[in-house]
Amino acid sequence: MPGRIITIAQQKGGSGKTTLAVNLATAFLAQGKSVGLLDTDPQGSLGKWFMKRIDVLGEDPNLRFSTATAWGISYELRSLSDKVDVVIVDTPPKADSDLRPALRAADLVLVPLSSSHVDIWATQDVLDLADRAGKRAYIVMNRSRSGTRLGAEVLQAVQELDAEVMSASLGNRILFAEALGNGLGAVEAKKKSVAANEVFDLLKEVDRVL
């Protein structure tokens with residue numbers, strides 16, 4: 001059976017797509033699953049993380065990596081999904097033709113959204129593209145700031161969007177950035193941490209909807 005495909009998409013840059021991809025991937029690995037990563041973002045942050053990881057931990061037979069431009073996405077996804085349990089796609093920060101192939105192939109679309117009104121404004125285009133592709137899209141709150149006025153305002157605005165929102169969220173925690181810079185995920189850098197618990201809670205939700 002081909003691996004399940006999770007596409008992470010958001011029009012606004014800096015929303016945390018790569019952070020979400022890395023942390024879900026390493027959490028799946030911790031479950032004993034094999035994971036494929038496909039980086040379609042020209043910035044290549046996911047690829048840089050992967051190469052750093054090889055420098056730190058060496059090759060992992062359960063983790064595969066590939067890149068693709070728009071015309072090669074469908075082929076790379078078929079190739080990866082035949083070899084692993086889960087494929088995670090990191091997409092460019094724009095809603096255009098580069099994103100559509102990854103949406104069409106997805107079993108699940110995750111849209112990271114940080115505590116920013118600008119992120120909310122950029123989200124609707126991605127939700128519309130996913131809807132036109134007939135795909136389930138879930139918002140994942142990233143760098144969430146519970147207990148703040150901005151956090152409350154953003155959450156209220158998100159609830160007004162015509163989209164489902166994951167109950168689990170990733171907080172505004174230094175560990176996420178530190179782990180990524182070292183080629184790791186939060187669940188590997190510090191398994192007993194609030195950040196790791198947030199990742200595992202999100203993984204449980206993702207597992208339920210896949």
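User: How many salt bridges are there?
Analyst: The count comes to four salt bridges, a salt bridge being a side-chain nitrogen of Lys or Arg within 4 Å of a carboxyl oxygen of Asp or Glu. This is a predicted model, in which local features need pLDDT of at least 70, side-chain atom pairs count only at pLDDT 80 or more, and totals for chains, interfaces and linings use all residues. Residues are numbered from 1 along each chain as its sequence is written, and side-chain values use heavy atoms, with hydrogens and water left out.

User: Which residue does K33 pair with?
Analyst: K33 forms a salt bridge with D207, at 3.5 Å from N to O. K33 lies in the loop between α1 (17-30) and β2 (35-39) and D207 in helix α9 (residues 194-209), so this pair ties together parts that are 174 residues apart in sequence. Helices (H or I, at least four residues) and strands (E, at least two) are DSSP runs, numbered from the N terminus.

User: What about E188, which residue does its side chain meet?
Analyst: The side chain of E188 meets that of R53 in a salt bridge, with an N to O distance of 2.6 Å. Since E188 lies in helix α8 (residues 186-189) and R53 in helix α2 (residues 45-57), the pair ties together parts that are 135 residues apart in sequence. E188 is partly exposed, with a relative accessible area of 31%, whereas R53 is buried at 5%.

User: And R173, what is its partner?
Analyst: R173 forms a salt bridge with E198, and their closest N and O atoms are 2.7 Å apart. R173 lies in the loop between β8 (170-171) and α7 (174-181) and E198 in helix α9, so the parts tied together here are 25 residues apart in sequence. R173 is partly exposed, with a relative accessible area of 36%, while E198 is buried at 12%.

User: Changing topic, which residues form the negative surface patch?
Analyst: D125, D128, D131 and D162 form a negative surface patch. Patches are made of residues with over 30% relative accessible area and no salt bridge, with like charges joined within 9 Å and nonpolar side chains (Val, Leu, Ile, Met, Phe, Trp, Tyr) within 5 Å. Lys and Arg count as positive and Asp and Glu as negative, while His and the chain ends are not counted. The place of a charge is taken as NZ of Lys, CZ of Arg, CG of Asp or CD of Glu.

User: Where is D125?
Analyst: D125 sits in helix α5 (residues 117-132). D125 is partly exposed, with a relative accessible area of 37%.

User: What about I120 and A122, buried or exposed?
Analyst: I120 is found in helix α5 and is buried, with a relative accessible area of 9%. A122 is also placed in helix α5 and is buried at 11%.

User: Finally, how many helices and strands are in the chain?
Analyst: The protein chain has nine helices and eight strands. Its radius of gyration is 16 Å, close to the 17 Å that the globule rule gives for 210 residues, so the chain is as compact as a globular protein of that length. The radius is taken over C-alpha atoms, and the globule rule is 2.2 Å times the number of residues to the power 0.38. Buried residues make up 51% of the 210 residues.

How values were computed: Accessible areas come from the Shrake-Rupley method with a 1.4 Å probe; for residues, only the protein chains shown count as cover. Buried means under 20% relative accessible area, exposed over 50%, partly exposed in between (1.4 Å probe, protein chains only).
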